[in-house]
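Okay, thanks for coming, everyone. I'd like to walk you through one structure today, from a patch on its surface to the charged pairs inside. Have a look at it on the screen.

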Amino acid sequence: MATAPKEAENAIGLEEIHTERKEPSKGQKTFTVEEAVETIGFGRFHIMLFLIMGSTGMVFFGYMVFSIVLGLLADRYGRWKILLLSFLWAAYFSLLTSFAPSYIWFVFLRAMVGGGVSGHAQGLIIKTEFLPTKYRGYMLPLSQVFWLAGSLLIIGLASVVNPTIGWWWLIRIASIPGILLILVFKFIPESARFNVSTGNTGAALATLQRIARMNRAAVPEGQLREPAKERRGRFKDLIHPKYLRTTLQIWIIWLGIAFAYYGVILASAELLERDLVCGSAAPPLQDSSDDSEESHSPCYCHMFGPAAYQTMIISTAGEIALNPVNILSINLLGRRLSLCITMGCTALFFLLLNICTSSAGMVGFLFMLRALVSANFNTIYIYTAEVYPTTMRALGMGTSGALCRVGAMVAPFISQVLMSASFLGALCLFSSVCIICAISAVTLPIETKGRALQVGTTTPGAPVAPNALRDS
């Protein structure tokens with residue numbers, strides 16, 4: 001491929017330029033970089049720079065914005081409709097991404113994909129609202145198995161597809177499962193709890209009878225009667241004095257867990273690229289066949305080899321390693337204490353990454369970190385779906401998901417920028433955030449273990465059903 005003339009200059013030069021140092025002549029004016037930066041001021045360059053760097057988190061940005069909107073709509077118009085819409089949306093824009101004609105289009109389409117994916121949380125809400133109380137703590141964490149299967153599948157596909165036919169085909173192939181799932185949506189019923197909250201008891205009863213027939217069971221004798229709730233999906237209910245403290249602490253925990261989760265994932269890639277293990281001071285061997293000018297640039301991207309993909313698969317498999325322990329913990333110790341313990345252990349293992357160890361030791365630490373951050377997500381997903389009543393459950397999950405994406409957007413800066421400047425400093429920051437989340441978890445005012453799902457907020461002085469809110 002022909003190279004550009006040497007005189008041509010890039011908009012932003014990233015290569016190391018070695019020049020002979022010359023002393024300024026007597027009387028010649030001089031200035032520092034700091035003085036130059038301040039004198040030049042803010043302008044189009046900085047806007048362009050911020051747009052380019054900010055675009056790396058556009059999937060999370062799309063998720064953050066639409067998570068709130070879709071959560072509000074799900075509380076008002078139904079979980080099933082929003083879940084179907086989100087699957088159609090994500091599959092469509094994901095497929096379009098592979099045909100993006102430019103980087104700007106790619107960024108926009110990925111943001112749209114994030115918007116669609118944000119609605120997938122309605123699937124967890126539907127499962128939560130159909131599961132009996134004593135089974136929620138056992139069945140909901142098993143959803144992690146499907147997340148793990150998808151993660152392992154995409155890593156395996158990437159190791160084969162990326163080096164051969166390119167990333168665009170990886171996106172097209174990865175879109176197929178989402179498209180196929182749309183075909184089985186007619187078998188998914190609308191939440192009976194949502195139908196009751198809207199006054200549609202006939203549809204709720206029909207759904208319950210259908211489930212009873214499939215389970216070879218029977219619905220209770222008598223007539224289904226529950227009061228309809230006219231006020232659904234209202235932001236002010238989230239910050240009502242009854243739920244204000246719970247909401248604020250949940251938001252802190254969601255932000256911190258996402259920060260730690262994506263920090264682990266991105267730090268794994270960073271550690272693999274830099275080979276930050278004991279005794280690996282020697283630079284990696286360069287491919288002699290690639291002696292281009294770009295290959296010597298500090299910003300040149302090197303393709304992952306088979307060993308790197310293998311390490312990623314092992315560390316990803318860690319997400320399921322603690323699942324049985326996590327299930328026992330949240331059912332025996334409760335959601336709050338279980339989350340506090342796993343967040344504390346996450347903080348510890350972040351610090352252990354700074355220990356000089358072998359490659360196997362580093363993989364072991366990453367394996368445990370992935371297991372712990374996965375357990376954190378498991379517990380907070382369950383807690384958030386259980387703590388809010390039906391009238392604002394989807395909105396509560398949506399706003400939490402939005403805060404989650406804030407943490408996800410901040411994580412790349414810490415993992416790939418601050419970590420390069422101060423490895424220990426970045427680890428200490430991750431660890432500190434996890435400790436704050438652990439404290440927030442154990443001090444949550446409501447324990448949802450064994451607690452019946454609430455239909456709506458009770459007014460002050462109104463009778464509260466058994467197993468209703470238990471503040472402690």
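Helix 7 (133-139) and helix 8 (143-161) each put at least two residues into a nonpolar patch. By helix I mean a DSSP run of H or I with at least four residues, numbered from the N terminus. Before I go on: this is a predicted model, so local features need pLDDT of at least 70 and side-chain atom pairs count only at pLDDT 80 or more, while totals for chains, interfaces and linings use all residues. Residues are numbered from 1 along each chain as its sequence is written, and side-chain values use heavy atoms, with hydrogens and water left out.

Back to the patch. Its members are Tyr-135, Tyr-138, Met-139, Leu-142, Val-145 and Phe-146, and together they have about 600 Å² of accessible area on the surface. For a patch like this, residues need over 30% relative accessible area and no salt bridge, and nonpolar side chains (Val, Leu, Ile, Met, Phe, Trp, Tyr) are joined within 5 Å. The areas are Shrake-Rupley with a 1.4 Å probe, and for residues only the protein chains shown count as cover. Helix 7 brings the largest share, 3 residues. Met-139 lies in that helix, and its relative accessibility is 42%, so Met-139 is partly exposed. Buried would be under 20% relative accessible area and exposed over 50%, with partly exposed in between.

Now inside. Which residues have the most contacts inside the largest nonpolar core? They are Phe-350, Leu-353 and Phe-377, in a core of 64 residues. A core here is a set of buried Ala, Val, Leu, Ile, Met, Phe, Trp, Tyr and Cys residues joined through side-chain atoms within 4.5 Å. Several helices each supply at least two residues, including helix 3 (58-77), helix 16 (335-352) and helix 19 (423-442). Helix 17 gives the most, 12 residues. Take Leu-353: beyond its neighbours within four places in sequence, its contacts (heavy atoms within 4.5 Å) include Met-362, Phe-365, Phe-423 and Leu-427.

On to the rings. There are 17 aromatic pairs in the structure; a pair means Phe, Tyr or Trp rings (for Trp, the six-membered ring) with centres within 6.5 Å, called stacked if the planes are under 30 degrees apart, edge-to-face if over 60 and tilted for the rest. Phe-66 and Trp-89 have ring centres 4.8 Å apart and planes at 75 degrees, so that one is edge-to-face. Phe-350 and Phe-430, by contrast, sit at 4.9 Å and 5 degrees, so they are stacked.

The search of the whole structure finds 7 salt bridges, meaning a Lys or Arg side-chain nitrogen within 4 Å of an Asp or Glu carboxyl oxygen. Glu-386 bridges to Arg-136, with the closest N and O atoms 2.8 Å apart. Glu-386 lies in helix 17 and Arg-136 in helix 7, so the pair ties together parts 250 residues apart in sequence. Arg-335 also forms a salt bridge with Glu-386, at 2.8 Å between the closest N and O atoms, and both Arg-335 and Glu-386 are buried. Elsewhere, salt bridges with shared partners join Asp-75, Arg-79, Glu-129 and Arg-393 into one network.

Terms used: Patches are made of residues with over 30% relative accessible area and no salt bridge: like charges are joined within 9 Å, nonpolar side chains (Val, Leu, Ile, Met, Phe, Trp, Tyr) within 5 Å. Buried means under 20% relative accessible area, exposed over 50%, partly exposed in between (1.4 Å probe, protein chains only).
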